Amino acid sequence: MAVNLLANVVGLPLIERFCWLDNTVALHWIRSTGTYKQFLCNTIEKIQAHSEVTLRHVGTLENRANLGSHGAAVTN
């Protein structure tokens, strides 16, 4: 979903586009050329089709998007 969002943002002068993942397994799947089951293969192909988006890793503890799902209080 994040790659689709970044790929469809138009009208904004974006120099670089980044998606941050805290799942190293998913990042490996996306970066590799392995053989996967149909659903995963289709999803990976859609992500790889957007070479303008750079995928990066962020540790789970540093991922602010995960705070709510881990029961942490969200602060500034």
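Two residues are in contact here when heavy atoms of theirs lie within 4.5 Å. With that in hand, here are some friendly notes on this predicted model.

1. **A histidine to start with.** H57 is found in strand β2. Setting aside neighbours within four places in sequence, H57 touches W20, L21, D22, T24 and L27. The C-alpha atoms of H57 and N23 are 7.5 Å apart, although 34 residues separate the two along the chain.

2. **The overall layout.** The protein has three helices and two strands. Read from the N terminus, the order of the elements is α-β-α-α-β. Among contacts with a separation of 6 or more, 61% are between residues 24 or more positions apart.

3. **The core.** Which residues make up the largest nonpolar core? There are nine: V3, L6, C19, L21, A26, L27, I30, V53 and L55. Two or more residues each come from α1 (2–8), β1 (17–21), α2 (24–31) and β2 (53–57). Of these elements, α2 gives the largest share, with three residues. As general background, nonpolar side chains in soluble globular proteins tend to be buried together.

4. **One core leucine up close.** L27 belongs to that core. Beyond its neighbours within four places in sequence, L27 is in contact with L21, L55, R56 and H57. L21 and L55 are themselves members of the core.

5. **An arginine worth a look.** R17 lies in strand β1. Is R17 buried or exposed? R17 is buried, yet it has no salt bridge. The nearest side chain of opposite charge is that of E52, 4.5 Å away, while a salt bridge would need a nitrogen-to-oxygen distance within 4 Å. Leaving out neighbours within four places in sequence, R17 contacts L6, A7, V9, E52, V53 and T54. Of these partners, L6 and V53 are listed in the largest nonpolar core.

6. **The cysteines.** How many disulfides does a search of the whole structure find? The count is zero. C19 has 7% relative accessibility and therefore counts as buried. C41 is at 25%, so it counts as partly exposed.

7. **Surface and burial.** Of the protein's 76 residues, 21% count as buried. The accessible surface comes to about 6,100 Å², and carbon and sulfur atoms account for 58% of that area.

Conventions: Residues are numbered from 1 along each chain as its sequence is written. This is a predicted model: local features need pLDDT of at least 70, side-chain atom pairs count only at pLDDT 80 or more; totals for chains, interfaces and linings use all residues. Side-chain values use heavy atoms; hydrogens and water are left out. A nonpolar core is a set of buried Ala, Val, Leu, Ile, Met, Phe, Trp, Tyr and Cys residues joined through side-chain atoms within 4.5 Å. Buried means under 20% relative accessible area, exposed over 50%, partly exposed in between (1.4 Å probe, protein chains only). Helices (H or I, at least four residues) and strands (E, at least two) are DSSP runs, numbered from the N terminus. A disulfide is a pair of cysteine sulfur atoms within 2.5 Å. Accessible areas come from the Shrake-Rupley method with a 1.4 Å probe; for residues, only the protein chains shown count as cover. Lys and Arg count as positive and Asp and Glu as negative; His and the chain ends are not counted.
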